[in-house]
Amino acid sequence: MARVVILGAGISGHTAALHVRRQLGKQHEVVVVSPNADWNWIPSNIWVGVGRMTTKQVTFPLAPIYRRQKIDFRQAKAVALWPEGDAQNPQGAVDIEYTLPGRTGEHELLRYDYLINATGPKLNFAATPGLGPDGGNSVSVCTAAHAVEAADRLEHVMQKLEQGQRQTLVIGVGHGTCTCEGAAFEYAFNVEHQLRTRGVRDRAEVIYLTNEYELGDFGVGGMTFAQGGFLTSSQLWTESLFREREVKAILRAHVQRVEPGKVFYETLDGAEGSLDFDFAMLLPPFRGQDLQAFDRAGQDISSALFAPNGFLKVDADYSAKPFEQWQASDWPRTYASPNYPNLFGIGIAFAPPHPISRPRKTADGTVISPAPPRTGMPSGIMGRQVAASIADMINKGAPAPTHTASMAEMGAGCIASAGAGLRRGTAASMTMYPVVPDPDKYGPAGRSLTATTGELGLAGHWMKHLLHHMFIYKAKARPGWAFIPE
Amino acid sequence: MPESPPAAPYPGQLVHTEAPVPTRRTIRRRTSLPLQAYRFGAISWKMLQTIRRTHQH
């Protein structure tokens, strides 16, 4: 009997758990450890954040799904890895601390044969003084609860606008190293759409504050599209939308601190500025969860297992090299730890070898460039492929992972909502292939010009709605779920 | 057609962009039900192609 332990039940961890359970016989055990009782379809949090959806529409309890799927669920957080086992037992283990009401704080040492670290990001609001909803001065849409709070604050601003007061809304990222600019973009345009729907757009100033060098970068270095016989860029395309909807943008910015009603930032050229706001939704930077690692003797080996940002090192090329020497082959393929072949890191939890966008710093050394996104479709694909590898290692005795999922050989579909509504909604529908550019294979654009596309329209909004229902159906492991691709 | 954003009071602001703004016809097309139903099919096809390419590896 083998035991597969999966840390985290987000998109990658939950996908891996369902697939590995499906592929293993009943004699094998699959255990999911997650501090959260509910699963959250995070892409729809932006609609919760503008009051168009409720928490119930984007979350559901995990326990009944896992009970039905014969997956052992522990509502707990991982605090330490023992990949070589401990003095009593050489089998790898993970120390978990329960968050389940009634067992809160209780520890358990969980032995494993295979471990998948899919713990996702730690929302690092602490990186910027005053950032965030918990004791800070801004809101977030990173969790459903955060999005509910954002919607409440937004409604307060809407009411002031309806009373004739002018309001300034700042939406974007709260640190120079943030990722998920796409989510900030979506929220900015959904808010703008709501303002128009409520008839108060003329009294509101909407400002998008970002660490991107250019609009349309989205942390993937931008995209090149072939449209109407011309090559065009995601920059031009995105700028057009900003100009059409009269959303102002502050680019290349690192937020230094957020005070009540005021955000202070510096830009890549060294200039410093501040913005007064009535509403600020600023996403936090991410770092790895607070996990330690120990060898059998109890020596701390965290720095060998994890990158300085706390993400798990996997089979990537982490050697430091300049942007010009970055290669598609730097990116991991199997997501196995180089030191421990039964330990995997997927989704946001794996350490990328470097960003995708060109890295940039101020003269004083402040990094202002997006971290690479690895959410949504790539996360799900990693989960599925790592699950297949582990199943082959258990069922067929494969000596090494049999499936790969390099982001340099993986496409992604991204639907960025720019306003909700079945008749009046809009979304930017983008496909890109591959996610990590490969100029050696695809020329200067770095990506296939036939498979990298973008368009704006109501159809994109329908697609986002369809994906919302489809992926929640899949995550609930309803009949036929395995046929729905990631 | 909206004018270009005015000169910036904020450091780093996107002061001016020459990006084209859509015509009224383009905006209408973006919400035209028959056309968007067709585009929905096209986007679905593109998504499926992206998935197919990814799974070839």
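Over the face of which ring does R374(A) lie, at 4.9 Å from the ring centre? The ring is that of F311(A). This briefing concerns a predicted model and covers its charged and aromatic side-chain contacts. Over all chains, the count comes to 26 salt bridges, and a search of the whole structure finds 16 aromatic pairs.

- E29(A) and R3(A) form a salt bridge in which the closest N and O atoms are 3.1 Å apart.
- Because E29(A) belongs to strand 2 (residues 29-34) and R3(A) to strand 1 (residues 3-7) of chain A, the pair ties together parts that are 26 residues apart in sequence.
- R3(A) has a relative accessible area of 18% and is buried, since buried means under 20%.

- R198(A) pairs with E162(A) in a salt bridge, with 2.9 Å between the closest N and O atoms.

- A salt bridge joins the side chains of E486(A) and K474(A), at 2.5 Å from N to O.
- K474(A) lies in helix 11 (458-475) of chain A and E486(A) in the segment after that helix, so the pair ties together parts that are twelve residues apart in sequence.
- E486(A) counts as buried at 7% relative accessibility, and K474(A) is also buried, with a relative accessible area of 7%.
- Elsewhere, E192(A), R196(A), R201(A) and R245(A) are joined into one network by salt bridges that share partners.

**Aromatic contacts**

- Among the 16 aromatic pairs is that of W39(A) and W41(A), whose ring centres are 6.1 Å apart.
- The planes of the W39(A) and W41(A) rings are at 15°, so this pair is stacked.
- W39(A) is buried, with a relative accessible area of 4%, and W41(A) counts as buried at 10% relative accessibility.
- One aromatic cluster is formed by F185(A), F189(A), Y208(A), F218(A) and F242(A).

**A charge over aromatic rings**

- R374(A) lies over the face of F311(A), at 4.9 Å from the ring centre.
- R374(A) also lies over the face of F350(A), here at 5.8 Å from the ring centre.

Terms used
Residues are numbered from 1 along each chain as its sequence is written. Chains are lettered from A and ligands numbered from 1 in the order in which they are written. This is a predicted model: local features need pLDDT of at least 70, side-chain atom pairs count only at pLDDT 80 or more; totals for chains, interfaces and linings use all residues. Side-chain values use heavy atoms; hydrogens and water are left out. A salt bridge is a side-chain nitrogen of Lys or Arg within 4 Å of a carboxyl oxygen of Asp or Glu. Helices (H or I, at least four residues) and strands (E, at least two) are DSSP runs, numbered from the N terminus. Buried means under 20% relative accessible area, exposed over 50%, partly exposed in between (1.4 Å probe, protein chains only). Rings of Phe, Tyr and Trp (its six-membered ring) pair if their centres lie within 6.5 Å; planes under 30 degrees apart count as stacked, over 60 as edge-to-face and the rest as tilted. A charge sits over a ring if NZ of Lys or CZ of Arg is within 6 Å of the ring centre and within 35 degrees of the ring normal.
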